[in-house]
Amino acid sequence: MKIAVTGLNATDNPGPGVPVIRSILDSEEFKGEIIGLIYDSLEPGIYMKDIADRCYLIPYPSSGLDALFNRIVQIHEKEKIDLIIPTLDSELFGFIKIKEKLEEIGIKTFLPTFEQLNYRAKDKLFDFCTLHGIKVPKNILINSMQDMYSIPQKFDYPVVVKGIFYDAYIANSFEEAMSAFNKMRGKWGYPIIVQEYVKGTEFNVVALGDGTGNTTGAVAMRKLYITDKGKGWAGITIDDPVLLDISHKLIKGLRWKSGMELEYMKSAESGEYYLLEINPRFPAWVYLAPAAGQNLPYALVQLAFNKEVPNFTKFKVGTIFVRSSWDLITDISKFEEIAVKGEFKL
Amino acid sequence: MKKYHIPEYIAISDTGFLFLPSTGETFTLNQIGKDIFKMLQAGESDENIYEKITSDYDVERGVIERDFSDFILQLKSYSLIKAI
C-alpha cells in the first residue's frame, strides 16, 4: 500500500504531515510506503529519516486544479498511489474538487463534502453552532475596510481578528484591529473575521468522524506552552467528559468525514466552553493521539479502505507532548534533486 | 472543627506532585504541603491537622492555623478542595 501525505512543513508553524505519517508508521498493521507531496524544496519533513520513502513537488493551490491533478497523475504513473491524505486547510477545497477524478484513476481519499467544509468555515460557524445549541463567540464578517468601522458599536475591546484560513490577532483598540486587518487582508484576503474575545483557558480536541455522524475517536488536550505565533509547543491530554460531549455533538451535526481539530475556550467567568474554530484536518499535535492510545490517522486509513473500525472509547490522561527544534543536515546534491527534478529519495 | 473534601480524581504522588486530569494543570507541594494534603484526603479535620503538624514540626499553633487557612484558600482557588 502506498499512502501520499501533504504538509511536510515541520516548521515553527508546523503542518500536520509529519505527525500523520509517524502515526501511520507506528501502526503494527501498516505494511507499505509513504509518499511525501511537498510544495517547497525546504520542507523539513523531506529530510527526516524514516518519514517519507520518496517525495514529490506538487503545484501550489493557486496554480489551479488542472495543474494539481496532472501532477498527481504523473506521480501516480510512477508510484501507484492508493490513498492521498491532504493535511493543509488551504489545499482541501482543491482536493475535494478533484476527489472523484482521483477515484477514477484508483486513488482513494477520506475527505469531507463541500457542504461540511462550508458549515465549519470560520464565516459560517456562528450560525451552525447557534442551530445546534453550542456556545460560540459573537463575530462579524469583514468584507471591506468600511466594515471595520462597525466594530466599536458591536463589541467591547479586546477583539480577535482572524484570517479566513490561518492567523489570529488580539486587538485591544480600533487602531490595533486596523493593523491586524491590513495584515490579514494582504495575506489571506476577505472575508476577515472579527470575533468577541472570550477570556479563559484554551482546550483542543483532535477527532475523527466516519461521515455518518459517528465519532471514531477523540482526544482532548490543553496546551502547556504556546509560542508567540499561538502554536502549542507542549500539551497534555485531559479528562473532561463535557468537552468530549460537545465534540461528539458537533461531529454528529456535521456528519463529519475526516480528521479534525476543535478549538475551545473555557470561559474564566462562566466555566462554559465556547467553540472558537473547527479546523478541517488533523492538527500538527495529532501524534499525541496514538501516544495516548487512539491512532486516529491510521483509523482514517482503514476507513478510507472501507474497513470496520471500532470506536475508540478511552485514552490515557496525562500524556504529554513536547515539540522540539532539531537541525537536519543534508548535502547540496539532495537539495538539487528536489529543486531540479521535483523528486527526492533520502 | 472543619472537614474538607478532595475530589477522588485528584492524584498526588509521593513527591508531592499534583495532577488535575480535567484541566491538565499540575502543582508541586513541599513536604509540609504534601503532609497536609494527604491528611485532608484521609478526611482529617482541621483540629487534627493542627495537632499533627505542631507535633511533627517546630511550629507554633497560631502560625500553623494562619498558614493552613492560606493553604486552604489557595487549594479552593484552584478547585482542588471543597469544604464539607
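Predicted model: local features only at pLDDT ≥ 70, side-chain atom pairs only at ≥ 80, totals over all residues.

Reader: Great. How many bridges pair strand S9 of chain A with S10?

Author: There are 7 bridges between S9(A), residues 200-210, and S10(A), residues 215-226, and the pairing is antiparallel. One pair to look for is A:Val206 with its bridge partner A:Val219 in S10(A).

Reader: And what's in the turn of that hairpin?

Author: The hairpin has 4 residues between S9(A) and S10(A), and A:Gly211 in the turn has a positive phi of about 95°.

Reader: Which strand does S10(A) pair with over 5 bridges?

Author: That is S11(A), residues 232-237, again in the antiparallel sense. Here A:Lys223 has A:Gly235 in S11(A) as its bridge partner. S10(A) and S11(A) form a hairpin too, with 5 residues between them, and A:Gly230 in its turn has a positive phi of about 80°.

Reader: How many of the residues in S10(A) are buried?

Author: Of its 12 residues, 9 are buried, so S10(A) is mostly covered, taking buried to mean 20 or more other C-beta atoms within 10 Å.

Reader: Let's talk about the core. Which residues touch the most other members of the largest one?

Author: They are A:Ile3, A:Val219, A:Tyr264, A:Val286 and A:Leu288, in a nonpolar core of 86 residues. Helix H11 of chain A, residues 296-304, gives the largest share of this core, with 6 residues. A second, separate core has 13 residues, including A:Ala171 and A:Ile192.

Reader: What does A:Ile3 touch?

Author: Leaving out residues up to four places away in sequence, its contacts include A:Ile24, A:Ile34, A:Leu83 and A:Val301.

Reader: Switching to chain B: what order do the strands of its open sheet come in?

Author: The order is S2-S3-S4, with antiparallel pairing. S2(B) and S4(B) are the edge strands, each pairing on one side only. Between S2(B) and S3(B) there are 2 bridges, and B:Ile12 stands opposite B:Leu18 in S3(B).

Reader: How do helices H1 and H2 of chain B cross?

Author: Their axes come within 10 Å and cross at roughly 145°, and the crossing is right-handed. The residues in this contact divide into 5 nonpolar, no polar and 1 charged. On the H1(B) side they are B:Ile32, B:Ile36 and B:Met39, which meet B:Ile49, B:Lys52 and B:Ile53 in H2(B).

Reader: How many residues of chain B are in contact with chain A?

Author: There are 5 of them, in contact with 7 residues of chain A. The chain B side has 2 nonpolar, 3 polar and no charged residues.

Reader: Which residue has a phi near 60°?

Author: A:Asp50, where the value is positive in a residue other than glycine. A:Asp50 sits in the loop between S2 and S3 of chain A.

Reader: Is A:Asp50 buried or exposed?

Author: A:Asp50 is exposed, because it has 10 other C-beta atoms within 10 Å and the cut-off for exposed is 12 or fewer.

Definitions and conventions. Residues numbered from 1 in each chain as written. Chains lettered and ligands numbered in written order. Pairing = 2+ DSSP bridges. Contact = placed C-beta atoms within 7 Å. Nonpolar A, V, L, I, M, F, W, Y, C, P; charged D, E, K, R; others polar. Axes fitted to C-alpha atoms, helices over the stretch in contact; angles between N-to-C directions. Left-handed = near helix turned anticlockwise from the far one by under 90°. Core = buried A, V, L, I, M, F, W, Y, C linked by C-beta atoms within 7 Å.
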